Amino acid sequence: MKEKQTLAKLRQEIDAVDDRILELLNQRAKLVMQVGAVKTENRSDFHVPSREREIYERLIAANPGPFPAEAVHGVFREIISASLALEKPLKVAFLGPNATFSHLAAMQHFGLSASLSPERSIPAVFEAVEKGEAYYGVVPVENTTEGMISHTLDMFMESELKINAEVLLEVSHFLLSRTGRFEDIKKVYSHPQPLAQCRKWLAENLPNVPLVDVASTTLAAQIVAEDYTAAAIASEYASSIYNLKIVKARIEDQVNNFTRFLVIGRKMAEASSDDKTSLMFSVRDEPGILHRMLEPFAKRGINLSKIESRPLKKKAWEYIFYLDLSGHISDPAVGEAVQDLSTCCQFVKVLGSYPRARQ
């Protein structure tokens, strides 16, 4: 009896805390609405990512525990997402359809209260942001197993949009079907990338089953929802959307399989405590050019985290380089290094400076 009384008392205390949290959330919402009115009057940007980062960093640093730091970020991401929706719906375009990994990345970064709009292709995401139909766009750029996504890099050649943030999403592939039974699977549908990322597992476990390429993991799930003899490789989220059963979880060949997504917008992001800058440039083909293009960064101690080459489509055997480096373009050392780089380049384009994603 005493144990039940103690449990009941603790639950009452939890209820009282929850009531207080709800009261404070509404108090915060009223303040946010006042901020929105001031922004409208001053014609200021209603979304200021640097302010969000300040909130997350301050709260995580001040958190004494035992509530987990990562959970603090998740909780306040949703609070901020809902608060922004009170000011103005934050429309975000992403590479659709719904339930793709791009959709999950958009939800992870912007929260569930953002207005997420699926687009048919990567160029369509860029177009939606360029035309002002969406405030931001979310596109995939790199996978730890399959490498860079060239279509996204190519779009930056034509677009003036800037990278505002990056999102790292752990990609876990699930084998889904209507029945949930291995023996019923006569074919497997998915996008070419997930099929490639699960190639070894499929060869070992479904060696004689045909693999069918489709436009997205979501389309694969939609097809399988109508076919009891097929399976799809898709996200766990897709199973709940399309009423599918999990045949096998996490069938990707490589552990720590991450996809990196870029958040694109019309303005350069302000500096934060830990930034990256992405560049695109083309160099003249001459002796020692590789050394000369790296030297401006080496002599200033600037770390280069990625360098990738892409063929210049308009001219055979010439290349565009894609470079990620530590620091913000407003940092004097970074700005000077980029200026020095330009002396040996046909062109240099700063794609954006943005906060480094936490893995």
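This is a predicted model: local features need pLDDT of at least 70, side-chain atom pairs count only at pLDDT 80 or more; totals for chains, interfaces and linings use all residues.

A: Residues are numbered from 1 along each chain as its sequence is written, and side-chain values use heavy atoms, without hydrogens and water.

Q: At what angle do the axes of α2 and α3 cross?

A: Two packed helices are described by the angle and the distance between their axes. Here the axes of α2 (residues 49-62) and α3 (residues 69-87) cross at roughly 145° and come within 10 Å. Axes are lines fitted to C-alpha atoms, for helices over the stretch in contact, and angles run from 0 to 180 degrees between N-to-C directions. Helices (H or I, at least four residues) and strands (E, at least two) are DSSP runs, numbered from the N terminus.

Q: Which residues of α2 and α3 meet?

A: Contact means heavy atoms within 4.5 Å. E52, I55, Y56, L59 and I60 of α2 meet A69, V72, H73, F76, R77, I80 and L84 of α3.

Q: What is the strand order of the open sheet?

A: Strands of a sheet pair through backbone hydrogen bonds, either parallel or antiparallel. The five strands have the order β8-β7-β9-β6-β10, with mixed pairing (two strands pair if DSSP finds at least two bridges between them). At the edges, β8 (211-213) and β10 (245-248) each pair on one side only. The twist averages 35° from one strand to the next.

Q: How many bridges join β7 to β8?

A: Three bridges join β7 (residues 187-190) to β8, and the two run parallel. Y189 has V212 in β8 as its bridge partner.
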